[in-house]
Amino acid sequence: MNQQLKQLVESLSPEWTAWRRDFHKYAESGWVEFRTASRVAAKLKEWGYEVRAGKEVVRDESRMGVPSPAFLAQQEKRALEQGAVKEWLPYFSGGFTGVVGILDTGRPGPTVGFRVDMDALDIQESEEPDHLPTANGYVSVNPGMMHACGHDAHTTIGLGLAQVLMAMKDELNGRIKIVFQPAEEGVRGAKAMVEAGVLDDVDFFFSGHIGSGVPLGEIVCGARGYLATTKLDVTYKGYSSHAGGHPEDGKNALLAAASAALNLHSISRHSQGSSRINVGVLQAGSGRNVVPGSAFLKVETRGATSEINEYMLERAVQIIKGAAAMHDVQESIEVVGMANSCDSSSELIPFIRAQAEKLAEVHTVHDFVVAGGSEDATYMLQRVQDNGGLASYLVIGTTLAAGHHNEKFDIDERVMAIAIQTYALCALHAGELEELAREQAGNQG
């Protein structure tokens, strides 16, 4: 089995490199992954997967931070011009850019789920000649959109996994679900797929990230410590007036925003774990002699647990509303992103370690890493765990040209073959997990 997998990887790796560079060149940010999603769906269908897409796998009411209808329409048109698969675009119209591929072997066994994300960041990519995508002709052609976190590789890993598992279908049991998620950046997309029921039948679930400070040839089997987070867009509406002639007629939205920003950073920290608050953007005012009538803030809260984040969020909302009342302006608060805290299932770690150690390209395997940021795959982990399943978030190491979210970010593309093989082995040996689950159920009984 492992020899067959190795031969497949050796023969298909050049194709995977081409896919990754194509996705990199046509980077698409959250909820506008029209070209990416359409090409993913087309390949899955071509290989014989059952494909579910769009509103079948993305719950409208649960989407967060969705761009304006005008921007969505513009980006859909742009995607078609750049090679989106026309027959799939109606599924994704309006920004419902999720895809799920299902392989049913027809034999008894568990349902094993994998999740990869597809979106780019709102960053202008470097065009310096020492940046490899520039030098090799696959720098992003979409202004202000760049795969500066590796999701182009993640999408490729999902497709490569689908390709390999279909080729080895006779070696599998049960069902495989590969989830291609939009809008991970800003933690906006996973909740909408979870609440569409995509993970409800999954027994064992794997997701992960390349890089994240881990070198090439190393794998971390599970992540702990992702911070729960909430992202807020805050708008203050006051009344503009002449600052010299009639200042008393004005209602100063800038002062409300400034008061909120200062006081948000004074929220008492929580004794039960890490807590964070940040005002990342404050925009207000139109002229030196005008009382500002509008202001805008981008705010985030974080907590070591969902409960701590909720504590920070409640106090943040109080301060935002209090600042509005103080300056006699109107406030509106929009939740544009959200993620829970959730740790990988410790029971899965020995199993993942056993698969990773089979790879000649892997020289070091770690059980856990403590994460410092937030990741909306935690919604998916938690849903699987709440339903009695096991779930883990892996980190697959790679050398980076620059850090994540940097305009010169780039990867060592060999990481994709390592990730695909690791995930494939987890699927091929999932029967061992069923035995583990039965043992645990017996012990609990």
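**Notes on the predicted model**

1. In the lining of the largest pocket, β11 is the element that gives the most, with four residues. This is a predicted model, and the points below should be read with that in mind.

2. The largest pocket holds about 1,200 Å³ of space. It is lined by 42 residues, of which Leu121, Glu185, Gly186, Val187 and His405 are the closest to its centre. Two or more lining residues come from each of β7 (228-237), β9 (275-284), β11 (294-303) and β14. Sorted by class, the lining of this pocket has 18 nonpolar, 14 polar and ten charged residues.

3. Strand β14 also deserves a point of its own. Seven of the seven residues in β14 (residues 390-396) are buried, that is, under 20% relative accessible area, so the strand is largely enclosed by the rest of the structure. Leu390, Ser392, Leu394 and Ile396 point one way from β14, while Ala391, Tyr393 and Val395 point the other way. Both sets are buried.

4. Which strands pair with β14? Strand β5 (residues 204-210) runs parallel to β14 and is joined to it by seven bridges. Strand β6 (residues 218-224) pairs with β14 in the antiparallel sense, over two bridges. Val395 of β14 stands opposite His209, and Val395 is also the bridge partner of Val220.

5. The largest nonpolar core has 83 residues, and Leu44, Tyr49 and Phe206 touch the most other members. Helix α12 (residues 414-428) supplies the largest share of this core, twelve residues. Apart from this core lies another, of 29 residues, which includes Met193, Ala339, Met380 and Val384. In soluble globular proteins, nonpolar side chains tend to be buried together.

6. Of its 13 lining residues, Lys6, Leu359, Ala360, Glu361 and Gln421 are the closest to the centre. Helices α1 (2-25) and α12 each supply at least two residues of this lining, and the largest share, six residues, comes from α1. By class, the lining of the second largest pocket has six nonpolar, three polar and four charged residues.

Key
Residues numbered from 1 in each chain as written. Predicted model: local features only at pLDDT ≥ 70, side-chain atom pairs only at ≥ 80, totals over all residues. Heavy atoms only, no water. Buried < 20%, exposed > 50% of the residue type's maximum accessible area, 1.4 Å probe, protein only. Pairing = 2+ DSSP bridges. Core = buried A, V, L, I, M, F, W, Y, C linked by side-chain atoms within 4.5 Å. 1 Å grid on protein atoms, 1.4 Å probe; cavity = no way out; pocket = protein on both sides within 12 Å on 5 of 7 lines; lining within 4 Å. Points joined across faces, edges and corners; volume = space filled by probe spheres on them. Nonpolar A, V, L, I, M, F, W, Y, C, P; charged D, E, K, R; others polar.
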